[in-house]
Amino acid sequence: MEFGIKERIIEIMGHEDLASSKFADTIGIQRSAMSHIMSGRNKPSLDVVQKILERFTYVDSDWLLTGKGEMVRANVGGEPPIPLKTGENQVQVQTVPENREDFGVNMAVNKVKSPVIEQFTSVDKPAKTISKIMVFYTDNTFDTFILEKGKKE
């Protein structure tokens with residue numbers, strides 16, 4: 001049975017020993033958004049995936065997105081080893097050399113060759129004066145105050 005991204009997020013939550021509400025707080029999303037993901041109502045957005053990868057730097061992006069490979073990514077040039085939880089108060093360290101090729105992700109880059117010049121013109125508008133003020137009260141009544149022209153209060 002192939003698992004979806006929701007199940008991989010649940011696996012990260014288990015690895016971190018976090019409930020969905022605490023996981024949402026940790027990555028900086030609304031708890032309701034996390035609840036919708038967990039219930040299957042919504043799929044995680046690109047923003048949610050990016051926040052997971054930024055917060056849990058050991059998570060392999062290929063694994064999170066596609067399920068291919070291992071959850072814990074290979075170490076990248078000189079990063080410290082990634083601790084893995086193996087039991088009560090025990091830590092096992094995994095060190096795997098980086099062996100990735102370019103993923104072929106093409107990102108659109110806006111290369112502006114000449115500066116963009118924006119011109120704003122200010123249009124003078126006639127001065128506005130208050131003519132009527134309405135005050136609404138909690139008992140569903142209101143008062144209307146009409147200001148006479150030419151009088152300033």
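**Notebook: loops, helices and aromatic rings**

**Entry 1, Asn-140.** I began with Asn-140, which at 72% relative accessibility counts as exposed; here buried means under 20% relative accessible area, exposed over 50%, and partly exposed in between (1.4 Å probe, protein chains only). I must keep in mind that this is a predicted model, in which local features need pLDDT of at least 70 and side-chain atom pairs count only at pLDDT 80 or more, while totals for chains, interfaces and linings use all residues. My residue numbers run from 1 along each chain as its sequence is written, and side-chain values use heavy atoms, with hydrogens and water left out.

I then looked up where Asn-140 sits, and found it in the loop between β3 (132-136) and β4 (142-146), where helices (H or I, at least four residues) and strands (E, at least two) are DSSP runs, numbered from the N terminus. Asn-140 is not a glycine, yet its phi is positive, near 65°. The two strands pair in the antiparallel sense over five bridges, a pairing being noted if DSSP finds at least two bridges between two strands. Across this pairing, Ile-133 stands opposite Phe-145 in β4, and the hairpin has five residues between its strands.

I counted five helices and four strands in the protein, and along the sequence they follow the pattern α-α-α-α-α-β-β-β-β. Of the 153 residues, 20% count as buried. Among contacts (heavy atoms within 4.5 Å) between residues at least 6 apart in sequence, 36% join residues at least 24 apart.

Which residues have the most contacts inside the largest nonpolar core? A nonpolar core is a set of buried Ala, Val, Leu, Ile, Met, Phe, Trp, Tyr and Cys residues joined through side-chain atoms within 4.5 Å. The largest one has 22 residues, and those with the most contacts inside it are Ile-9, Ile-12, Phe-23, Met-34, Ile-52, Phe-56 and Leu-64. Each of α1 (5-16), α2 (20-27), α3 (31-39), α4 (46-55) and α5 (61-66) supplies at least two residues of this core, and α1 gives the most, with four residues.

I found Val-48, Val-49 and Ile-52 buried in α4. Seen down the axis of α4, the buried residues fall within an arc of 100°, so they line one face of the helix; the arc is that of the directions from the helix axis to the C-beta atoms. I recalled that an α-helix has 3.6 residues a turn, so residues three or four places apart point the same way. The face of α4 turned away from the buried side carries the exposed residues Leu-46 and Glu-54, whereas what covers the buried residues of α4 includes α1, α2, α3 and α5.

Leaving aside neighbours within four places in sequence, I listed the contacts of Arg-8 as Phe-3, Trp-63, Leu-64, Leu-65, Thr-66 and Gly-67.

Asp-17, in the loop between α1 and α2, is exposed, with a relative accessible area of 65%. Although Asp-17 is not a glycine, it has a positive phi of about 60°.

**Entry 6, aromatic rings.** A search of the whole structure gave me three aromatic pairs. Phe-23 and Phe-56 form a stacked pair, 5.5 Å centre to centre with 5° between the planes. This pair links distant parts of the chain, since Phe-23 is in helix α2 and Phe-56 in the loop between α4 and α5, 33 residues apart. Rings of Phe, Tyr and Trp (its six-membered ring) pair if their centres lie within 6.5 Å; planes under 30 degrees apart count as stacked, over 60 as edge-to-face and the rest as tilted.

At 0% relative accessibility Phe-23 counts as buried, and Phe-56 is buried too, with a relative accessible area of 2%. Phe-136 and Phe-142 form a tilted pair, 5.7 Å centre to centre with 40° between the planes. Here Phe-136 counts as exposed at 60% relative accessibility, while Phe-142 is partly exposed, with a relative accessible area of 46%.

Not counting residues up to four places away in sequence, Phe-56 touches Ile-12, Glu-16, Leu-18, Phe-23, Thr-26 and Ile-27.
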